[in-house]
Every structure is written in structure tokens, then in C-alpha cells.
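Trainee: Could you take me through the salt bridges of this model, with a close look at the pairs and at how buried their partners are? I would be glad of one connected account.

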Amino acid sequence: MTKLYLFVRRYLAVMMMFGAASAFAQQSVSGKVTSSDDGSAIPGVNILEKGTSNGTVTDADGNFTISVGANATLVFSFVGYTPQEAAVGAQTTLNVTLQSDVTALSEVVVVGYGTQDKKEITSSVATLSTKDFNVGNINDPTQLLQGKVAGLSIYNRGGDPNSSAVIRLRGISTVGSNVQPLVVIDGVLGASLDNVDPNDIESINVLKDGSAAAIYGSRGSSGVILVTTKRGSGKGGLSIDYNGYVAAAEVANRIPVMTASQYVAAGGNNLGSVTDWQKEVTRTGVSNVHNISIAGGSQQTQFRISSNFRNVNGVLKKSGFDQINTRASLTHTALNDKLRMDVNMSFTNRNSNFSFNEALRYAVLFNPTAPIRFNTGDYYQAILFDNFNPVAILEQNVNEGKRKNLNYNAKVDYTVIDNLTVTVNYGQQFESVLNGEYYSRNSLFRGLNRGGLARRYTSDRSFTLFEGYATYSKKFDKIDLSATAGYSYQEDQFEDIFLSLGNFPNDQLGYNALENSGDILSGNPNLLGISSSKTPINRIIATFARVNLTYDNAIFFNASVRREGSTKLGANNRYGVFPAAGLGVDLNKYLQIDRVDNLKIRIGYGVTGSLPTDSGVAQDLYTYSNQGGGSITRQRAGNPNLRWEEKVETNLGIDFGLWGKLSGSLDVYTRSVKDFVSLVPTQIAQVGAPFQFQNAGSLKTDGIELNLTYASLQFGQVRWTPGIVLSSYKSTLESIVGASTQVRANLGAPGQNSTPQIRVAVGEEIGQIWGPVFAGVNTDGTPKFADLNGDGTVKAAPGDALLAGADFKKLGNGIPTMEIGWRNQLNYKNWDMNVFFRAAFGHSLVNNFRAFYEPIDLGAINSYNRVITNKAVAGLTSAQYSSLYVESADFFRLDNMQIGYTVKGNPNSTFKNIRFYISGQNLFTITSYSGIDPEPVLQDPGAVDNGGFASTTSDVLAPGIDRRNNYFTARTYTFGLSVGL
């Protein structure tokens, strides 16, 4: 017994000593876990002391604390990241960066009528979330994407706050129909980006190729942009976020012209003043933007409400807008989550001051020695062709408008049985516009010769959507199946009224006293400008189906078909069928290449269509004239066989990931577009009218796109995540209405009417800038042109452009051969910096200001100021279009840069985070182009002179013309604040 007692006592003593030693060996380690992608904290990371059950997880800010034994190794793991081990040693602080696991991460991507895992996609789809968007003074959702998606060209030259960007996805998709991509917002086809604030957008997916867009049939030919707005969270409690900024925009580049002293020295009239007209009509445009949102909910019900206020002012005086936008979303689930209901509503009220871009044009050419006003207060005005006081244009006249947008939709998903879900989506959208212009009785610009001129325009547009579809998903051993079938009904209607009236007794009521117009009182109908229209209810009815198959989690197949009919087309050809198919293979699963994370090859084929923009193009058109007692004329013959435009596209792509760091994709595509809906001259004896809309014309586009991202380069505590997108394409015209070779894009007045700048020819590349080659100066100061064919005779007059043996050639191309976007995200502790460069190469521009106002003509200089560039030719006194005015417009631009600092709250704080940032847009541009902006001009609005009104349509076959009515490019500086509560 005594021996047993001694044994137990000695055993307990040894155990106590061992326990004390163990306790002494324990140490506390703290740290933070961040992502290699963007340096953000990762909450919920599992941390385990290797070989034990001792562990913890990171908190909401990625922080952790754990007590471990001597020589411990910690294992960090989290879904979507590669597990990582770290030896503790003697460290008390241990920060870890987890690397993204490309093979483990399953990213869900929104596609037509559903979602797919990113790895299963077989078509060309680009996905951007809030962290990928452009930053700074963003007032249009399209600005979020500019330069970010390979193949997506977005240009808003000059940055007029009231103008919309020109958008092209993989080049020209049509000539006679809508060239802009289809926009789908929260599942509503054809929704307007005018009614969604950039602050409310969660993600944007771009369906680039035919196999992805074919599910949308006739509206997918120009590509599809899918917008998903932000929604509430089911985590409980309220989340309040505020985002606001103040931005100051200044003129980045002005047209170089003679100063007053230079003008007088060159022989210009000296009127005794010194006036910088470009300075007089521009300003520093200060803008304020504020956004506040409230979100929250429970597990069953989530909501989000936001309100956005924008007071935006451009660099041209009197240009800008005030806008209020509100958006609300509600999600509710019931019946054990079998039923899900989503409701969205948005309203936008916008008041715009459009100002007058013409003031910028005439600020370039107006006499720099002229005063703004006489001593009497009246504006100075020379009575000359195409010459107006630019300050008077702004101060004497009014150009403003109002626009209201309302849209809502409700979507219901119900799981009927396991694996089968039925979806119904109903939405409506309304837009109303009311614009007013008034030109003073004393304004030489448009008003004086009419005794005051008032113009009013109002329009209403409505759109209704109803769709229902069912989705069945099932897993069979190694096969995953998902099938969708549905029905779509769309209808829209548009109506408008335009009035133009003159001869008012005074200017006091502007455009609000139309009944006082002398045009009405005189009873002369020829003075009145009145037009109105109303479309029929245009309908699109479609059925569609799609199947997605995945085999062995590595072979992916999808196919879709849509049969669609439209009332816009001929009675014999209203329905079209649009099929698509795609195949993808995860090669890396079978090849198991060392250090290759992802290697997928995919091929897609798809057919999409395009509808004419106008209604009634397949029907007879009659015009009425009240001359000679009145008469009716059949102006256009109907065409019962008018059918869809059709685009066929094949896309071959490779997705890859290397070393856990580098990821990217390469796409090569070819697309053919045929059966353009075109207005064709016809024989009256054949169809009974001089014109008829027919399917005529075709083009082909070949292109290549590359997207690369490197997931974080580490330099101490600085993380740099670069990425780049590149794209290139070439479009060739295969057939066209009328002559196989045409010239277009008239240069205009003064003195160069009927001067074409663009050649369009079957079998040749689209975008050719065409003209004679400058070869020097004749003794009389006129330009000398090259004898290109060596026949001893120079045929270089504008009217010779199409003649056999004419001395004309391709002088450049209006479409870039390559476009580049280079993004850079840098993080250091609580600091972040985003730097984005954009570039385009291979395109040229016709500098119209130089073509008119660079040669120094002693006669013309008394009418117009002169443009001064280093490209001017000494002794040249006569302006005539030639290669002299076609310039390479390659550029490399620091598009935007933002630096931010984030203060993170603690559990006892009233805020989650506060972020301060400053940013700059268009900070510098490297280019040899002498004009205002070297960005490509993808379509031509046509020539305007002597106070005329610009056309509302543009020629997509005439890119590369830098006209004289462009808005001046701005450089913008922004200070912003974001607060999360």
C-alpha cells in the first residue's frame, strides 16, 4: 500500500511538472488573412494547429488570435483558395496571404434566362463586378465598362454630360438597324440604362458572341449587356451606406488658334479688342453627386432602397443636368423556400441644359480682335456666312429639356418538384421627354431671320414584357443536366410631336407662348414646322429552349434555339429561327499539366437577328401635299417579304490559369451579317413607288481578343494586381445597296461642299478615308496633288473621286487596328490605388478644323481666325481636302487614377468603414494628333454649317471624321467620401 502511494505521488508530481512545462511552451499568435486577388480581408478562414485539434477562424476583418505550442505550424484553409501552411517559430504576429485556387473557385455568371458556373461556359462572356468598374466622376453606366472588356468599344468623345456614348461590340453588326447592344437589367429585356444609377449596379456581364446571345434572338445581334443591381442582405439588421463626391472638370485640350496680335500681323481685321473666345465660352464645371442606400432584412425577406442625386456641370457654359433617381428592390421567400418573389422599381427625373456645341465651333474661328459687346450692351456680330458670336449664342438662346423614366418588374420563381423550377417575369417601362428651344429675335444665330424661333418636342415611349419559362436540373452519375424552355412576349409603342414656330412679338415668354407666333397668325402654312407620329403597337413573340450538359465535370455542352416573330417585318417573313451550340473541354483534368491550374478550350456557333429601328418599313408609305388643292403620293412601296437581318458567328476560345497567379482568355471569331434592312431605289413601273425597304447588303468581321490578369505581385507590404485586355478586328463589306463603289461623308461649307472623305466598296475594308495626296504648293498658293497613276494628268477634284484613273487613294482608316485597356490595382495596408490606362492604335482622323481654317488666305482671314499647328505648310493659302489633313490618331491615355484610404470601424463603432479618395480622369494623353481628342469617331453625323441643325442619324459606314461641332475634352479631379453604417 505504501509503495502504491509513493508511486501515485511521484506520478502526479511528474505530470504536474510536464503540464507546467507545456503551459510555459504555449504562445499567443495574432495576425490577418488577406486575399491575393485584391488584398481584401477574408473572414471565416479556418486556422488549425497542424497535428492537433486546436483551431480558430478569422473575424469579419480577417483578424485572428490563437495560442499554440512550441514549433507549431498553422494550416490556413478557405473555399476558393489554396490551403497554406505557415511555421510560427518565435513570431507573435503572422500575416498570411491566401492564393486563389482557380480550379476550386466556382464563380456563378449571369447568362440569358439563368446562371451558370463560370467553368461550364462555352461562349465568350465577360464578367465585371464593382471592384472591376472604372472609378471617378462616373455619370453613365457605360463609363463603368470603358476599356475593361476586350472587344467592347465605348467612346463619348469630349465628354458632353448630355450625350450618350457610342457602343460597338466586335465592330459593326448592322447598317440599317440598331447598332447598340441589347441591355437587360434584372432580367428585363430592352431596359434603359438611363434609369439605373451607376452606384446601384452590382455586376455587369457582356455576352459577346453569337452562341451566348442567340437565346435573345432578334435583339442579340449587336451583343447583350446584362446588368444586375444591388439587393438587400438576409443577415439581419440594417445597412446604411453613403457615397458622395465633388468633381471639378476643366478643358483638357483646346484648338490652337491665332492670338489677336498674330491675327492682325497675318492681315486680319483689327477691331480693337483682345478676346479669347474659347475661354469665354468654357468654365470649370463643378459637379456634386450623392447616393444613400438602406438595405436589410431577414432570412425570408430582404430589401434595398436607394436614392441618387446628381448635379453635373460640363466645361461648356450652360451645359449639364440635375437628376434624381430612386430604386427599390424586395425579395421574399416562402413555402419552405420553394417560392421566391423579386420586385424591382426605379424612377428617374432629369432636367438638362443642353447648351450649344456650336458655341465651341465658332469660338475657334471668330475674330480674336472683336469685342463681345458694343458699348451699348448689344452683342458684336459680323454679317458673314457661317460666323456667329459664340458668347451671344449661349447668352441669347435657350436649349433645355426634361426626361422621366419609370420601370418596374416582378419575377416569381416556384419549385414545383425537386429539380423543376417555373419562372414568370412581368415588367413595364415608360419614358417621357419634353424639350424646348428658343432663339431670340435679336440672335443672328437661328433667331433674327425668323423674328424669334421656338421649337418644342415631346415624346412618349412604353414597353411591356411578359416571360415565362421552366428550368429542370438533374444529376445522373457523371452527367449534370440543365434544361430551360419558355415563352416571351414584348410590345412597345412610341409617339411624338414636334413644333417649330417663329415671328414672336418679344422674347419674354420664350417657347412657352407658341400661340403668339406670327407664323400662325399669318395663316401661311409654309412657315410652320409641324410633325407628329405614332407607331402601331410593335410586338415580338418568341418561344425558346436551351440545354446544358456537363460530363465528368470536364466536358461541357450547351445548345439553344429561339423562334421569334415581329410585326415590324413583312407578312410572309415575320418569323425567324435562331439556333446556337457550344462545346468546352477542361483539358487540364485529363492532361494534369504541372503548374497549370486551368486549361479549357471552347467553341461556339450562333445565329442572331436584328430588327429595323423604325416601324412600318414593310408597309406602303403615302405623303400628302396641300399644294394645288392637295394630293397624295405613294412614296414607298410595302414589302411583304421583308425579313430579319441575320448574323452568323463562330467563336474559338481558350481559358487558362498558370502558377496560381496568371489567368486569362484568348478568343478568335468570325461573323457574317447579311440581309440588311435597307431603303432601295426602285422602278415605279415594278413596285408602284420610287423606294422600297429590301433585304440587301452584307459584311464580314474577323477579330481576336485577349484578356490577362496576374493575381498579385508582392513587394513587401505592397500588392500589385495588373491586368490587360487587347482586341483587334477588321470588317469587310461583301455587298451593298446601289453602286458597288461609293463615296460619302461630305466635308461641307464654306467652300468644300460635295467633297467626300470616305470610300465604301464591295470586297474592301470598312472605314477607308479616301482622297488625293498632297504634294506641295503651287506658285499661286493652291495645293499641288500627286499623280498617283503616273498618267501625266492629275485628277484630284472632289468630283473625280469615283472616276477611272482618278488620283485618289486610301489615306487612313477610321477604325483602330488595336484597342488596349491596362488596369492596375495596388494595395498597401489601408491604402488602395487604382490606375487605368487606355489606348488605341492604327486609326486616323480627318481634322476638319485644319481642313477649313489652317491655310492663311488674305481674303478669308478677314472672315475667320486661323488654326495653328506644326503640320501647317508655308505658302499654302487655299483650303482643299487632301492627305494633308488626315492624321494618325494613335493615343495612350491615363484614363483614370484613384487613391483611397479606408478607416475600419471596430465592434463598438457606429460605422463599419469610412473611405476617403481622390481621383483624376484623362490625366494625360500621348498622341501626335493635333485636334481636340484622338479617340476614334465610329460614325458620322454629317456636315452642318451656317447655324443649321444637326442630323439625328449617323452613318456607321463613315468612321474617322472629326467634325467641327465636337464638345471639348475635359480633365476631371474628384474628391469622394464613402461611409458604411
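Mentor: Searching the whole structure turns up 45 salt bridges, a salt bridge being a side-chain nitrogen of Lys or Arg within 4 Å of a carboxyl oxygen of Asp or Glu. This is a predicted model, in which local features need pLDDT of at least 70 and side-chain atom pairs count only at pLDDT 80 or more, while totals for chains, interfaces and linings use all residues. Residues are numbered from 1 along each chain as its sequence is written, and side-chain values use heavy atoms, with hydrogens and water left out.

Let us begin with aspartate 386 and arginine 964, a salt bridge whose closest N and O atoms are 4.0 Å apart. This pair links distant parts of the chain, 578 residues apart. Aspartate 386 sits in the loop between α5 (358-365) and α6 (390-396), and arginine 964 in the loop between β52 (961-962) and β53 (970-980). Those labels follow DSSP runs numbered from the N terminus: helices are H or I with at least four residues, strands are E with at least two. Aspartate 386 has a relative accessible area of 0%, so it counts as buried; arginine 964 is buried as well, at 4%. Here buried means under 20% relative accessible area, exposed over 50%, and partly exposed in between, with a 1.4 Å probe and protein chains only.

Now turn to aspartate 675 and arginine 643, whose side chains form a salt bridge at 3.2 Å, N to O. These two also join distant parts of the chain, 32 residues apart. Aspartate 675 lies in the loop between β34 (662-674) and β35 (677-681), whereas arginine 643 lies in the loop between β32 (631-637) and β33 (645-658). The aspartate 675 side of the pair is buried at 15% relative accessible area, but arginine 643, at 34%, is partly exposed.

A further pair to look at is arginine 850 with glutamate 854, whose side chains meet in a salt bridge at 2.8 Å, N to O. Arginine 850 is buried at 0% relative accessibility, and glutamate 854 is buried at 4%.
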